[in-house]
Amino acid sequence: MPRQSILIIEDDEDIQRMLTYQLVKNGFNVSCADSGEDGLELLAGESFDCVILDIMLPSMDGLEVCSRIRKDKDTASIPILMLTARSEEEDMITGFDSGADDYVTKPFSPKVLMARIQVLLRKRRQSTKSAGSDSRLDAGSGLKVDLDGFSATLNGRPLPLTATEFKILSLLAKQPGRVFSRQQIIDDVMGYGYVVSTRAVDVQIHGLRKKLGPAGALIETVRSIGYRFKGGG
């Protein structure tokens with residue numbers, strides 16, 4: 001099996017060296033960039049299996065880099081792990097909204113970081129296995145979801161969803177009729193172990209329904225439990 005490649009976008013040389021050491025020790029190929037611009041340039045010319053991205057970068061910050069990665073169809077599906085000193089709930093939500101798949105705060109345990117990376121890579125392999133005809137969902141009411149392209153359209157019109165909104169929509173639409181609790185949605189979209197209020201899910205669902213317009217009725221509230229996707233023709 002070929003070695004998987006990780007891109008580190010981090011301007012702190014000490015953290016960059018430590019991450020490189022840990023990743024190489026665990027069998028990964030590693031490339032590094034000191035700025036967001038350099039990271040995007042590497043992504044344009046090489047193939048990576050995961051990106052470790054610091055938020056506090058010079059010039060272009062990590063949130064903007066993350067957003068650009070998600071908007072490019074060639075890189076939209078690459079897992080992104082954000083590495084940052086910010087630990088407030090609002091900062092985490094902002095990171096996830098920009099497109100991050102996971103969020104680790106400094107200082108961090110190298111073992112925990114490696115475990116998080118392995119989870120992201122496993123999810124990507126599972127997603128790749130289910131790619132193909134199943135990667136584009138006709139969700140009903142004119143709503144179509146492109147899981148690989150990280151995009152959704154309503155009656156042919158692109159929807160301006162945040163990354164978090166898209167992940168919630170994908171989770172629900174892939175399993176119509178199944179009820180997801182708010183905590184299950186948090187665990188799937190943001191990963192296990194995050195202390196985020198369940199109220200944050202309601203806020204995201206409200207924004208998602210508003211953008212979906214009439215198709216927002218496809219997302220049903222299950223009283224005292226959570227949400228489910230009704231689906232339809």
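Q: Where does Ser 141 lie?
A: Ser 141 lies in the loop between strand 6 (136-140) and strand 7. Helices (H or I, at least four residues) and strands (E, at least two) are DSSP runs, numbered from the N terminus. The model is predicted, so local features need pLDDT of at least 70 and side-chain atom pairs count only at pLDDT 80 or more, while totals for chains, interfaces and linings use all residues. Residues are numbered from 1 along each chain as its sequence is written, and side-chain values use heavy atoms, with hydrogens and water left out.

Q: Why does Ser 141 count as partly exposed?
A: Buried means under 20% relative accessible area, exposed means over 50%, and partly exposed is in between (1.4 Å probe, protein chains only). Ser 141 has a relative accessibility of 39%, and therefore counts as partly exposed.

Q: Why is Asn 155 called exposed?
A: The relative accessible area of Asn 155 is 65%, so this residue is exposed. Asn 155 is found in the loop between strand 8 and strand 9 (157-158).

Q: What is the phi of Asn 155?
A: Phi of Asn 155 is near 55°, a positive value in a residue other than glycine. Phi of Ser 141 is likewise positive, near 55°. Most residues other than glycine have a negative phi, and most peptide bonds are trans.

Q: Which peptide bond is cis, and what is its omega?
A: The bond that joins Lys 106 and Pro 107 is cis, with omega about -5°. Pro 107 is found in the loop between strand 5 (102-105) and helix 5 (110-129).

Q: Why are the buried residues of helix 2 said to line one face?
A: In helix 2 (residues 36-45), the buried residues are Gly 36, Gly 39 and Leu 43. Seen down the axis of helix 2, they fall within an arc of 60°, so they line one face of the helix. The arc is that of the directions from the helix axis to the C-beta atoms. An α-helix has 3.6 residues a turn, so residues three or four places apart point the same way. On the other side of helix 2, Glu 41, Ala 44 and Gly 45 are exposed.

Q: Why is Arg 182 called buried?
A: Arg 182 has a relative accessible area of 18%, and so it is buried. Its place is in helix 7 (residues 182-190). Contact means heavy atoms within 4.5 Å; not counting residues up to four places away in sequence, Arg 182 touches Thr 198, Val 201, Asp 202, Ile 225, Gly 226 and Tyr 227.

Q: How many aromatic pairs are there?
A: Rings of Phe, Tyr and Trp (its six-membered ring) pair if their centres lie within 6.5 Å; planes under 30 degrees apart count as stacked, over 60 as edge-to-face and the rest as tilted. By this rule there are two aromatic pairs.

Q: Why is the pair of Phe 96 and Tyr 103 called tilted?
A: The ring centres of Phe 96 and Tyr 103 are 6.1 Å apart and the planes are at 40°, so the pair is tilted. Both Phe 96 and Tyr 103 are buried. Phe 150 and Phe 166 also form a tilted pair, 4.6 Å centre to centre with 40° between the planes.

Q: What makes the pair of Phe 150 and Phe 166 tie together parts that are apart in sequence?
A: Phe 150 lies in the loop between strand 7 (143-146) and strand 8 (151-154) and Phe 166 in helix 6 (residues 163-174), so the pair ties together parts that are 16 residues apart in sequence.
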